[in-house]
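Hello,

Here is the structure you asked about. Please open it first, then read the notes below.

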Amino acid sequence: MIEKIAEKVFKLSKAEQTEILFYHTVDALTRFGQNQITQHVESDNQNMTIRMLDKKRTASISISNFSDSVIEKALEQLYNILNLQIPDERLSDLPENTNYKSELKQSDSFKKLDESIRSDFVKESVDYLKKESSIAAGICSQTKSTITHMTNKNYSHIYHDWKFSFSLSAKNDYGITREEFNGTTLDNFNPEELAEKCITSLKLLKNKKKISAGKYDIILTPAAFAELLIYLFYFSFSAKAYHEKRSFMVNKKGQQIFSPLLTIIDNPRQTEGPALYYDFEGSPTTNTVLVDKGICNNLVSNKYYSKILGIPNTGNCLSPTTLDCYPLRPEVLPGEKSLKTMIKESDNVLLINRLHYLNIIDPLSVMVTGMTRDGVFLIEKGQITKSTNNLRFTESVLTALANIEELSSDLFECEYFIGLMKVPAVKIKNFNFSSATEF
Amino acid sequence: MFDLCDKVLNYAQLLGACYADIRVIIRETEWLYTKNGKLESYSINKEEGYGVRVIVDNGWGFASISNLNKENFEKVVQKAISIAKASSKVRREPIILAKEPSYQDIWSSTYLIDPFTVPFETKLNTLLEIDEILRKEPSVKIAEAEMRFRKEHKYFASTEGSKILQTTVVSGAGYEATAIDENDVQKRTFPMAFGGQFMQMGYELIQGLKLKENAPRIASEAAALLKAKEIEPAKRDLIIGSEQLALQIHESCGHPSELDRVLGYEENYAGSSFITVDKYKNMHYGSNIVNLVADSTLPNGLGTFGYDDDGVRAQRYFIVKNGLYQNYFTNREFAPIIGDERSHGCNRADHFSSIPIIRMINLSLLPGDYELDEMIAATEDGLFVDGVKTWSIDQMRLNFQFTCEIGYRIKNGKLSEMVKNPTYQGITPNFWQSCDMIANEKYWIPCGVINCGKGQPGQVMMMTHGCSPARFKNIMTGIVRN
């Protein structure tokens, strides 16, 4: 069907160069709270963005109705707008003469997943928590999407993405804890195992200690560490942000600014799960070392900014018009000890399960504020002895990453703003908490 | 379009649904975005589709599709029914919807100039003129301006007999000046952050915003912020301007008043609320001058409609009256749980592919009696802040911290030097109980919010918060670095 639509668009378009981005996404999500399913949805969305490029001018239009008459009208409107546009010398020609289809490597367990199986997963976890007199809330979701990028210059790239997520919160009179599973396969997923982990943490909430704001040594779980890192990835490694002097990298590229324990790579050509071989300008993606033993050497770029800055084009363009580029599949390399061992070897350290509602105060120092949630535990002499109230932190991510003392050997897949990222747990010294809350 | 609705509803009942509704949405959007003298991005989006919601065997099901082809409807309904049956495996309480009459009605927002009839060049030239003014200030390295428009036709029909067509037109525009030197990046926006001011109006809104007139001031303020200092952390009296106060209302009163949060259904994601059911109509939320009114009939508000997505007619009611907590935002499913006979009409979805969930409607702080000058004159050691920069609040909506775009010290009743990154933080009820002065209706402005995120899958909703500047006593200000 897409080929026929593309053929029609390219035939009718009066512009020199025309591309389509055809998005097909099926999102299904089962949501539960108070031990019952409360929302349960599936959406099947198809949308096509047509972009014309002619004499360094560009314009785009998106439609969800692909009938002949709607396409014809859209193309006419688009061409009229194109002729009113201002030429923009930064714009690159559309990609040509490449045809690539990414592999759809979904596991059988993912393929079989449907509303009935999702409900069964929810039931297993809810039943487990009910036995322990706890209240369950969470989601079980699956997303499948295909993006087809085609130009009238014999270019096509078909990219498949898919993801499964299950998150579970358990609540009783002592508080609330949360565990999650994210992945592209369900082969290692067990809802009862997650429920059991929640109950183990919930029991630790019983013995509470009130603590005040101040500096603490902390261990962040992978989910919490991922929340902090998203701000670094969003604001700092983009060649566009660097060129506009909005990134901390402006004064620090090539310097040892983070702990030598920290290495981060962008791995869009990962071998497990969905791999992205071409970006949205049609450039080949590359695996890039973002942080090498604490030194930030590389930016992620696209055609325009690689030319301007004289750096390699890493193929990280997400939007050919706004020229935004971000890391696509970041991965923090693991440390040597398991999280369990890190806890066993810690004294007077806070273990933080999750962070909540982060926001950036200053892009140059990547200073962010946010809250802890779903379990803050005090580790004393290698044992989790108590839980504490939640705290607000106001801290520079740069300082926090410089103060890394340890990374766990176990990596987890965590939510990223596009797909998933792989992250270990981390131990950070002297983390700044600016106030405390009441629970 | 109601033909399709009838087919869907009849088929859903045939397959066993005891309740079903359908929302058909046909939507057109236009977005122009300029940056440093160039049209950085321009897009038009035309989409259509429908979502079907059913109750079967005491379980909810929802399915949607992004086209209006009549031949697909059986598949969509079958999917919704199958999902509802799967949901019923994990259900504790019976689903009882609060009673509401059925309506056959047509409703439309008001506008004078259809923004989709205004020539593209007119819109672009306005943005580029602003851009040029902003970049006359040498420290402004990034000038961004944008306009967005949306026209939507929404058909709602239910098995209870409602058939409602609603048409809304939303317009908005704004800009941002980013000043950069080797040590700092500072921003100013106008009329508000996140794209500007948005209302249910036509192009006449853009014409009345005085965008160009304010651009030189905004650019020079952004530049001046590079040289300004932060305020040292201490407790002070705080006067908050309308734009920032609108966000304060949104985060610390709007979200904790959403009943699904209160009941624990958002626990896993956005969190819950400190306004637990035992505090319903029984809590001193703020000082006795604090009156917060929910109103889905507010003229030109972004949360204004004829009927919500449960088919409940728009209403106006107090959330907080004379400081006392009065009402939650509710829908037909959850209102009966707290003993309310009727929903407050807050079930809203952002798209045909989204399920309606409880969303705050327009929520405004009623004006007080003071002139702004009087409030400043009555403040010995204080801080005036406005413009949204950073916001964060805990999952119970108690501990918050906001950083604004711009601040001024107040010394001995007068505005004094400019302050960058002006930050304040507090605990919600203590904060609102410290409110001792609210400016009068002359200063009351509606502030449109277009980026309110909630739910899973995530939905982005719009609403308006009107308010005048207000003063809060003895608030922790400044960034606490320990």
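A place to begin is I61 of chain A, which stands opposite I44 of chain B, a residue in β2(B). Please keep in mind that this is a predicted model.

Next, the contact between the chains as a whole. Chain A puts 76 residues into the contact, and chain B puts in 65 residues. Which strand gives the most to the side of chain A that touches chain B? That is β2 of chain A (residues 36-54), with twelve residues. By type, the side of chain A that touches chain B has 34 polar, 25 nonpolar and 17 charged residues.

Now to a sheet within chain B. Four strands of chain B make an open sheet, and their order is β12-β11-β10-β15, with antiparallel pairing. Why is one side of β12 and of β15 left without a neighbour in the sheet? In chain B, β12 (324-325) and β15 (363-365) stand at the edges and each has a single partner strand, so one side of each has no neighbour there.

For β15(B), pairing with β10 of chain B (residues 292-295) is antiparallel and runs over three bridges. Within these strands, L292(B) stands opposite L365(B), which belongs to β15(B).

Helix α6 of chain B (residues 242-254) lies across β10, β11 (316-321) and β15 of chain B. Its direction is at about 120° to β15(B).

Regards

Notes: Residues numbered from 1 in each chain as written. Chains lettered and ligands numbered in written order. Predicted model: local features only at pLDDT ≥ 70, side-chain atom pairs only at ≥ 80, totals over all residues. Pairing = 2+ DSSP bridges. Helix = DSSP H or I, 4+ residues; strand = E, 2+ residues; numbered from the N terminus. Contact = placed C-beta atoms within 7 Å. Axes fitted to C-alpha atoms, helices over the stretch in contact; angles between N-to-C directions. Nonpolar A, V, L, I, M, F, W, Y, C, P; charged D, E, K, R; others polar.
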